[in-house]
Amino acid sequence: MNKLITTQELFQLMPYILMLAGPVILLVFIAIKRNHIFSWIFTMATFAAVLFSVISNYNQSSLEISLLTIDKFSLLYTGLFAVVGFLITLFAHDYLEKTSDHKEEFYLLLVFATLGSSLMVASNNFVSLFLSLEVLSVSLYSLIAYLRRQEQAIEAGLKYLILAAMSSAVLLFGIALVYFETGSLSYLGIAAKMDSTGFTPYLIAGLAMIIAGAGFKLSVVPFHWWTADVYQGSNSLVTSFIATVSKGGMVGAMIRMFTIIHVFNNESIVLVLTIIAAASMFIGNILALQQNNLKRMLAYSSIAHLGYIMIAFISFGNGGTDAATFYLMAYFATTLGAFGVISMLTTSDGEAENISFYKGLYWRKPVLAAFISLVMFSLAGIPLTSGFVGKFFVATAGVKADLWVLLFFLAVNSVIGVYYYLRVIVMMFSNKDNSEETIICSKGLNAGMLAIVFVAVMILYLGIYPSGVMGMIQNAVLH
Amino acid sequence: MNTIPIEHALLLAAVLFSIGLIGVVSRKNVILMLLSVEIMLNAAGLAFVVAGSRWIQPDGQVMFIFILSMAAAEVSVGLALILQMFHLNKSVDTKTLGKLCE
């Protein structure tokens, strides 16, 4: 542990160093002179460099240092987050021009939040897990309240801040209890101690509190109360970030933690997770049924989707981690698409979030309407889209682990989900009778359009030819 | 000589944690809610110090310093948001919030 860092190790840590250095350099530039276009391009370059260094390190043997493990699994997630960050940045330029008076800091916070999320997946120790979680959270507080002239954004930011800080405290107390019982903060040390002592009451209480703290970030059911308000109040790009990178980071961190610490040997913890998964699916879908606000609808539907991921999670040793990772990728693509379109249709007057706004959209914007239809099909899990294949893998993992009750709930909930997703499509194809508002959208080929094309290709690619990506995931994911 | 059992210190942390939790849930003033969250965080920090002293390791105290600095970062963002909320609403009461609903 006491050796100095070698060049090789420095190279392997490069994705994270780049994500740290990029915003710091940008910060200096902002202090000297503000320039939106420059900040925008610089951020895209940062994400592209991160992606490049992930790819060039991908086949290296894994690096284990005292706080982080850089292996294929963490690099896969880091690369995924970098792609998502890049796409959000593509959408961000036009969106910030429309809505914000301070534009440049958005990019700083975006990269820092991505860094936090990536480090969470690489953490092999509770100390680094906690620190990276806070890097993510503190960046998110300011991102959510970024449009600070809007009361909604401030309200969403405050709600998220208080609840996230509370959940951090719960997580920390859980870690403290686990540490109290085992005398170690690294996953390996805890697992080794657990092998000899088994599940003592302190340990179970600690793990339960850790799951509660993580459940808040994932917005699964008993901890989901913030989701709809924060999704609605924050601007749609930040919402898409919360729905993708923030949740994905926590899923990755949980996968790493639970491959080392075998909590699935304990029946009561499995039972609690099963109840959480079932409740998330039902409550998320039922609440989503009643929404007329697209962002709130997507918020509740994300609760249900996380319930599906939990099924893959509970079938841990049976290819569940592969399924969860694939489902995350599929969900990332669709969510980014949905919120990206909302951000593109947003004007300086307000977000394009009301479902009636989309009435007759097909007759005005056929390409965008077709894209929204594709996204909704994927969210509903219609074949040939990524959402279908994701559900298929989750179901396969569930069958292997004999989770029949949960699989039955999955089937029921997919049917409920189809109803409200198709409602959006029906709305778009209905006649425009009260569409006095015209949609202003910048003409020609803009950056957002590029991102949308990429997302559409990804949805179809993952839906039609999943085996290529799945092979890569199976190669990388921890078992 | 009788020493205080280490569980008592953990119990103290748990009691503090519960006080903080009750505070967050029951208070209507955003500043006091933030204060209650701080109590929860520091209770977790105390639990770390206790655990560290049980194993005679510095890790618990190191973790406490991390918690302190993270709480400071959190509060600075939180106070900025509260300031902005006061600017817009002329109040720090959660009742004046509630723009986000159906």
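**Reading two chains, helix by helix**

Biologist: Which residues in H3(A) meet residues in H4(A)?

Modeller: On the H3(A) side, Trp40(A), Thr43(A), Met44(A), Phe47(A), Ala48(A), Val50(A), Leu51(A), Val54(A), Ile55(A) and Asn57(A) do the meeting; on the H4(A) side, their partners are Leu75(A), Thr78(A), Gly79(A), Ala82(A), Val83(A), Gly85(A), Phe86(A), Thr89(A) and His93(A). By class, the residues of this contact come to twelve nonpolar, seven polar and no charged. Keep in mind that this is a predicted model.

Biologist: How do the axes of these two helices, H3 and H4 of chain A, cross?

Modeller: Two packed helices are described by the angle between their axes and by the distance between those axes. Here, the axes of H3 (residues 36-57) and H4 (residues 72-99) of chain A come within 9 Å and cross at roughly 160 degrees. An angle over 145 degrees counts as roughly antiparallel, so that is how H3(A) and H4(A) lie to each other. The crossing of H3(A) past H4(A) is left-handed.

Biologist: Zooming out, how many helices and strands are there in chain A?

Modeller: Chain A has 20 helices and two strands. Its C-alpha trace spans about 70 × 55 × 40 Å along the principal axes.

Biologist: What pattern does chain B follow along the sequence?

Modeller: Chain B reads α-α-α, with three helices and zero strands. Its radius of gyration is 17 Å, well over the 13 Å that the globule rule gives for 102 residues, so chain B is more spread out than a compact globule. Along the principal axes, its C-alpha atoms fill a box of roughly 60 × 25 × 25 Å. Buried residues are 30% of the 102.

Biologist: How many residues of chain B are in contact with chain A?

Modeller: There are 35 from chain B, touching 32 of chain A. H1 (6-26), H2 (30-55) and H3 (59-89) of chain B each supply at least two residues of that side. The chain B side has 27 nonpolar, four polar and four charged residues.

Biologist: Now single residues. Is Glu353(A) buried or exposed?

Modeller: For this you count C-beta neighbours, and 20 or more within 10 Å means buried. Glu353(A) has 21 inside 10 Å, so it counts as buried. You'll find it in the loop between H14 (316-345) and H15 (361-364) of chain A. Leaving out residues up to four places away in sequence, Glu353(A) touches Gln232(A), Asn293(A), Leu294(A), Lys295(A) and Ile342(A).

Biologist: Where is Lys90(B)?

Modeller: In the segment after H3 of chain B. Lys90(B) has a positive phi too, near 55 degrees. Its 8 C-beta neighbours inside 10 Å make Lys90(B) exposed.

Methods. Residues numbered from 1 in each chain as written. Chains lettered and ligands numbered in written order. Predicted model: local features only at pLDDT ≥ 70, side-chain atom pairs only at ≥ 80, totals over all residues. Axes fitted to C-alpha atoms, helices over the stretch in contact; angles between N-to-C directions. Helix = DSSP H or I, 4+ residues; strand = E, 2+ residues; numbered from the N terminus. Parallel < 35°, antiparallel > 145°, perpendicular 65-115°, else oblique. Left-handed = near helix turned anticlockwise from the far one by under 90°. Contact = placed C-beta atoms within 7 Å. Nonpolar A, V, L, I, M, F, W, Y, C, P; charged D, E, K, R; others polar. Rg over C-alpha atoms; globule rule 2.2 N^0.38 Å. Buried ≥ 20, exposed ≤ 12 C-beta atoms within 10 Å, placed from the backbone.
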